[in-house]
Amino acid sequence: MAYIDQVVKYMTDNKASAFIIPAGRNVTLQVGDRTVPQSQVLSLEQVLAVIRESAPPAMQSKIGQPEGFEYPYQSASGPCLVRVRQNDGALELVILPQVTGPSSAGAQAAGAQGQVSAPPTGNALADKMLNVPNDRVGTLKVQSLDELFRILFETDASDLHCEATEHPVFRLHGTLYKLREYERWSHEWLKKLIWDIAPDRNKEEWEECKDTDFAYEVPGMARFRCNVYSVRHGVGATFRLIPSKIATVDELHLPKPMVDLCHLSKGLVLVTGPTGSGKSTTLAALVDHCNKTRLDHIITIEDPIEFVHENINCLVSQREVSVHTDSFKKALRAALREDPDIVLVGEMRDLETIAIAIETAETGHLVFGTLHTSSAATSVDRIVDQFPPEQQEQIRTMLSESLKAVISQMLLRKKTGGRIAVWEILLVPPAIANLIRERKTFQLTSMMQVNKAMGMITMNDAVLPLVKDGIVDPMEAYTKVIDKNGLAIAFAKEGIDFKLPTAEHMLK
């Protein structure tokens, strides 16, 4: 069912007169003379996708024009009018259905409480939980966080947000939704529930600096990475779901060149990408593959421990910062005396940690690490730039000898719902190592393009097949990649319907 069809049905059910979708801001529902904000936020690419799936081809060419346009749409729930316009510099859709049934006065009364059901999520269980009658909003009280963790698990959501004075909120496929059936948190009750699961040391840390991290496990279901913080109204917390079962390299469809890195005897392998791009999941799969195919000692240094690795063929020693060691750098330096073959560094946060990781890779160990960078080339430059100018030449030389691969990862929304991972792969044979040593990292992308036979691939080349096969919308891919112009040219060569000037105008 097209998104507009879902929206019109949702409006009809709520006796609404308009549904307003501003790109990058909360959607709103007009019920009588009341404007009721919703928790859902659509990105620019999602709004453009709504237009492209519903507007006549002749109208799509008008996207981006300041005067806007409108067109009729025949929904399964009845006809509606769609207006496309600019509002405060953002693209905005206004959907106006032909409302039938009870009078608008009755609709106004229904919305007078300021609470209505949530827009459709595409997840049947989530929709059932979110679309509650107005008289049930705020009627349930959370008795334990395990109750919400089970909801998170069963709806396939990734994160749970809890803040004083607000309903519980979860993130499903990148979008936030409120669990309106549950009452808003009070500071005292939310803090009690968090303290029920938090270790004592974390309670003390929060009281001292108002931030703390820890891990929590619901046996038989999942682990959760927990961050507790302080906000204007009181305590807040975010919980990231970490599946109990580690996804295998086959289940994640990791490319063979990535899997082959598990068989290296030494060197540094970086997995990079923005927060929430799935780096931890990918690294867990690689460590799991090593655990199954090698006879080695694996040491992981994490904050906190996320995926739990049982000993299979390897001895896996997992250490948590602040619990088993004071810091990444201290644990990494100590690891050199613990007879490791493979070391996983959960975060390469500072200069000293990076330096020790490179030294560890140079001294005959395989080191996996992460960086929050968006491409292979920028990852190399980020490492070098961490060091003072007088040390950068030495670090370039060390990096050229120890770095074996950089994997840059991101997640794209699929047209059918959910997300899919894509990877940029930079391997470091002698020719690439020489470019790093000679400060020619600007040539890395072109070298990746001409060395596809070795298993290297740029992000644009990884994304293009997903767009060609109709899995990912062109605008979703264009918005996420770094080399936007190169991807637009590739779209044109492949005959993919994509209007670059319009997109550039919209993204300014």
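User: Let's start with Asp 339: is it buried or exposed?

Analyst: Over 50% relative accessible area counts as exposed. In this predicted model, Asp 339 has a relative accessible area of 62%, so it is exposed. You'll find Asp 339 in the loop between helix H11 (328-335) and strand E16 (342-345).

User: Now helix packing. At what angle do H12 and H14 pack?

Analyst: Angles between the parallel, perpendicular and antiparallel ranges count as oblique. Helix H12 (residues 351-362) and helix H14 (residues 389-402) pack at about 45°, axes 9 Å apart, and are therefore oblique to each other. Their crossing is left-handed.

User: Which residues of H12 and H14 meet there?

Analyst: A general point on helices: with 3.6 residues a turn, residues three or four places apart point the same way. On the H12 side you have Ile 358, Ala 361 and Glu 362; on the H14 side, Ile 395, Met 398, Leu 399, Glu 401 and Ser 402. By class, that contact has five nonpolar, one polar and two charged residues.

User: What about nonpolar cores? How many residues has the largest one?

Analyst: Think of a core as buried nonpolar side chains linked by contacts. The largest has 64 residues, and Phe 368 and Leu 403 have the most contacts inside it. Beyond its neighbours within four places in sequence, Phe 368 touches Val 269, Leu 283, Leu 286, Cys 290, Ile 342, Val 343, Leu 344 and Val 345.

User: Last one: where is Lys 415, and what does it contact beyond its sequence neighbours?

Analyst: Lys 415 is in the loop between strand E18 (403-413) and strand E19 (419-427). Lys 415 is exposed, at 51% relative accessible area. Setting aside neighbours within four places in sequence, Lys 415 is in contact with Gly 470, Ile 471, Val 472 and Asp 473.

Key. Residues are numbered from 1 along each chain as its sequence is written. This is a predicted model: local features need pLDDT of at least 70, side-chain atom pairs count only at pLDDT 80 or more; totals for chains, interfaces and linings use all residues. Side-chain values use heavy atoms; hydrogens and water are left out. Axes are lines fitted to C-alpha atoms, for helices over the stretch in contact, and angles run from 0 to 180 degrees between N-to-C directions. Helices (H or I, at least four residues) and strands (E, at least two) are DSSP runs, numbered from the N terminus. Angles under 35 degrees count as roughly parallel, over 145 as roughly antiparallel, 65 to 115 as roughly perpendicular and the rest as oblique. A crossing is left-handed if the near helix is turned anticlockwise from the far one by less than a right angle, and right-handed if clockwise. Contact means heavy atoms within 4.5 Å. Ala, Val, Leu, Ile, Met, Phe, Trp, Tyr, Cys and Pro count as nonpolar, Asp, Glu, Lys and Arg as charged, and the others, Gly among them, as polar. A nonpolar core is a set of buried Ala, Val, Leu, Ile, Met, Phe, Trp, Tyr and Cys residues joined through side-chain atoms within 4.5 Å. Buried means under 20% relative accessible area, exposed over 50%, partly exposed in between (1.4 Å probe, protein chains only).
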